[in-house]
Amino acid sequence: MDEPKVKIRIEGLYKVFGRAPHRGVEMLRAGKSKDEILKKTKLAVGVADASFDVYDGETLVVMGLSGSGKSTLVRCVNRLMEPTAGKIIVDDIDVTALDEAGLREIRRKKFGMVFQSFALFPHKTVLENVEFGLDIQGVPVEERRPKATEALKQVGLDGWGDYYPQNLSGGMKQRVGLARALAVDPDVLLMDEAFSALDPLIRTDMQDELIALESRVKKTILFITHDLDEALKMGDRIVLMRDGGVVQIGTPEEILTHPADEYVSRFVENVDITKVLVASDVMKKPKPVAFVHDGPRTALHKMKEAGLSGIFVVQSDNWKLVGHLTAERAAEAAKAGERWIEHLTTAEACATVPLDEPVRQIFSKVSGNPVAVIDSEGALKGVIVRGTVIAALSERGEDNV
Amino acid sequence: MFNIPKLPLAQWVDAALAWLTAAISPLTRAFAGFVRLGIDGIVSGLGFLPPIVLILLIGALAWWIANRRVAIFSVVGLLFIWNLGLWQPTLSTIALVLVSTLISVMIGAPLGILAGLSERFHRVVTPILDFMQTMPAFVYLIPAIPFFGLGPVAASFATVIFSIPPAIRLTSLGIRQIDKEMIEASDAFGSTRMQKLTKVQLPLALPTIMAGINQTIMLSLSMVVIAAMIGAGGLGGEVWRAIQRLRAGQGVEAGLAVVIIAMILDRITQNIAVSKKTIPS
């Protein structure tokens with residue numbers, strides 16, 4: 001694949017709050033911690049030496065707990081907050097070097113922002129809110145009204161234009177917020193905890209819709225969240241932040257499978273989709289299986305073909321699970337001249353879970369051997385190995401539209 | 001400590017006032033011109049209408065802006081004042097209040113906007129406003145005389161000084177208390193400062209600004225009564241005359257009229273503020 005085009009490059013970004021903030025940057029560069037600096041100088045560190053690229057057209061999620069500097073970081077990108085040091089380059093333009101007029105121009109052309117608590121204007125109707133960006137660009141009413149109406153349609157709020165924001169539910173308000181950002185047709189959507197204030201069901205809907213929308217409109221999205229599930233679901237890549245610094249950058253899969261440090265792995269442990277997903281969501285087809293009347297050599301052959309070190313043994317007529325046979329045992333039996341494998345299986349070593357077992361519980365069972373998923377009749381329906389769970393989790397993040 | 005002579009503060013103030021009177025006479029003349037024009041215009045305009053017509057008009061206005069109760073109260077109260085024979089002084093009091101409030105808002109709102117936007121200006125202006133509001137109201141009567149002589153213009157000047165603080169304070173407060181995300185949203189889409197002010201800050205601050213104007217009107221009315229001492233005339237003049245002649249009955253009549261006017265003005269202007277706030281819902 002070609003080297004992806006960089007849309008936003010963040011280079012050595014620092015944001016320190018307080019008087020004479022450059023002292024804080026010096027101290028950070030000298031290796032002092034956030035707490036030390038606060039104690040000594042009363043300076044609060046927002047972002048400390050963050051560097052990463054956002055590729056054109058991707059959804060990059062910046063994730064961290066509150067106080068990790070993620071909201072400060074996104075505000076530095078369009079300079080709602082003035083970076084203390086470092087550069088932010090958007091399409092070869094150094095945002096940090098722009099004067100007031102240049103900054104205004106780039107905010108109008110490149111960015112659309114969505115806020116955590118919606119930030120809709122209560123004195124304007126929904127349509128007027130959506131028009132806001134175009135209005136301040138001086139687009140005449142007859143031209144901006146159809147654009148705003150179109151944006152409202154995109155977020156599924158057709159016909160709500162004449163209402164005032166206070167008549168809308170939280171989810172609808174944030175749709176308006178999204179429409180307001182989309183109406184100016186920006187290259188980049190900055191979404192600051194955009195769905196965090198919504199209740200879980202609405203939130204899932206909004207996530208799904210944003211993913212669908214993203215594939216239609218092809219925007220670069222910088223998405224801020226404190227929720228790892230959301231990050232895994234939304235992100236093409238994830239930037240994990242702690243104490244103002246970047247801890248890890250990677251795809252959801254990389255984050256899940258190779259957490260960079262203790263901090264990240266603590267996050268990963270608590271992935272919440274494991275509660276939502278059940279065995280039938282993540283299991284693979286049980287292929288191949290050995291039947292009770294197979295001989296040990298047949299079983300060995302099937303294992304060899306599939307590159308397995310063990311195989312599930314089932315009744316041939318109803319696929320009722322009998323047990324699990326390891327290659328070792330099968331080899332011994334073959335040497336000893338055994339004809340059937342039925343009595344060789346080890347039912348105890350073979351962990352089984354019902355179809356509706358939460359993935360969370362499965363995690364602990366898939367340490368070594370694969371887990372068999374069986375239905376209420378005891379028939380084998382699927383197989384879960386450790387890799388399956390993780391792959392399924394990260395797939396969910398990308399494909400669940 | 002005991003031998004230090006008294007500081008000649010009074011003399012200093014007198015000297016400063018004398019200098020100021022001369023120095024700003026073009027300004028004072030302009031102010032006087034504006035006030036006279038305003039008061040004469042309102043008094044003759046309102047006085048041109050027969051009282052009963054005017055009373056019904058005010059009633060209709062109260063109904064339109066506030067509600068039926070306020071409208072009924074206004075009509076009954078004004079009829080009562082008319083009946084007491086206080087119609088003319090009431091008109092001149094209302095005129096003086098309206099003109100003073102207009103001036104207060106014209107000066108106060110821009111200063112309030114400035115204080116709302118600039119932290120530095122806010123820090124400068126706050127102690128001045130505190131000072132203005134803790135100063136006894138009568139004190140403002142004194143400098144008004146050398147500038148304007150006795151009469152309604154001096155009264156209006158003192159009234160403006162006394163009633164301007166809430167207009168400034170609440171305009172500033174209204175702008176300051178706007179949710180930070182609103183300002184961020186406005187900035188994030190690339191507003192100029194002026195666009196931010198006119199499209200976001202002022203509309204959102206409007207209810208608070210209206211509350212400030214309401215307070216300014218109330219303070220104006222109270223000051224206009226006190227300013228009778230320097231020739232404001234109107235209902236205050238009636239009260240002042242009653243005090244001087246120890247006529248309790250007349251004093252109560254005029255005082256009651258002041259209260260009625262105060263209540264009508266308060267209810268009507270309060271509802272301007274509230275109705276603006278609730279229009280959207």
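Mentor: A residue counts as buried under 20% relative accessible area, as exposed over 50%, and as partly exposed in between. Keep in mind that this is a predicted model.

Trainee: Is A:Asp49 buried, partly exposed or exposed?

Mentor: A:Asp49 is found in strand 2 of chain A, residues 44–55. Phi of this residue is near 55°, a positive value in a residue other than glycine. The relative accessible area of A:Asp49 is 43%, so the residue is partly exposed.

Trainee: Phi of B:Leu246 is also given as near 55°. Where is B:Leu246, and what is its relative accessible area?

Mentor: B:Leu246 lies in the loop between helix 11 (234–244) and helix 12 (248–278) of chain B. Exposed means over 50%. B:Leu246 is exposed, with a relative accessible area of 78%.

Trainee: Why is strand 12 of chain A described as largely enclosed by the rest of the structure?

Mentor: A:Gly310, A:Phe312 and A:Val314 point one way from the strand, while A:Ile311 and A:Val313 point the other way, and all are buried. Strand 12 of chain A is therefore largely enclosed, the number of its residues that are buried being 5 of the 5.

Trainee: Which strand pairs with strand 12 of chain A in the antiparallel sense?

Mentor: Strand 11 of chain A, residues 290–291, pairs with strand 12 in the parallel sense over 2 bridges, with A:Ala290 opposite A:Val313. On the antiparallel side there are 5 bridges, and A:Ile311 has A:Leu325 as its bridge partner. The antiparallel strand is strand 13 of chain A, residues 321–326.

Trainee: Which residue takes a positive phi in the hairpin of strand 12 and strand 13 of chain A?

Mentor: The hairpin has 6 residues between the strands. The phi in question is near 55°, and the residue is A:Trp319.

Trainee: What area is buried between chain A and chain B?

Mentor: The size of an interface is often given as the accessible area lost when the parts come together. Here 29 residues of chain A are in contact with 19 residues of chain B. Carbon and sulfur atoms give 61% of the buried area, which is about 2,200 Å².

Trainee: How many salt bridges does the rule find across the interface of chain A and chain B?

Mentor: One salt bridge joins the side chains of B:Lys199 and A:Asp135 at 3.2 Å, N to O. The side of chain A that touches chain B divides into 13 nonpolar, 8 polar and 8 charged residues. Between the chains, 9 residue pairs are in polar contact. The number of salt bridges found across the interface is 3.

Note on methods:
Residues numbered from 1 in each chain as written. Chains lettered and ligands numbered in written order. Predicted model: local features only at pLDDT ≥ 70, side-chain atom pairs only at ≥ 80, totals over all residues. Heavy atoms only, no water. Contact = heavy atoms within 4.5 Å. Buried area = accessible area lost by both parts, 1.4 Å probe. Salt bridge = Lys/Arg side-chain N within 4 Å of Asp/Glu carboxyl O. Polar contact = N/O pair within 3.5 Å; in protein donor to acceptor, adjacent residues only side chain to side chain. Nonpolar A, V, L, I, M, F, W, Y, C, P; charged D, E, K, R; others polar. Buried < 20%, exposed > 50% of the residue type's maximum accessible area, 1.4 Å probe, protein only. Helix = DSSP H or I, 4+ residues; strand = E, 2+ residues; numbered from the N terminus. Pairing = 2+ DSSP bridges.
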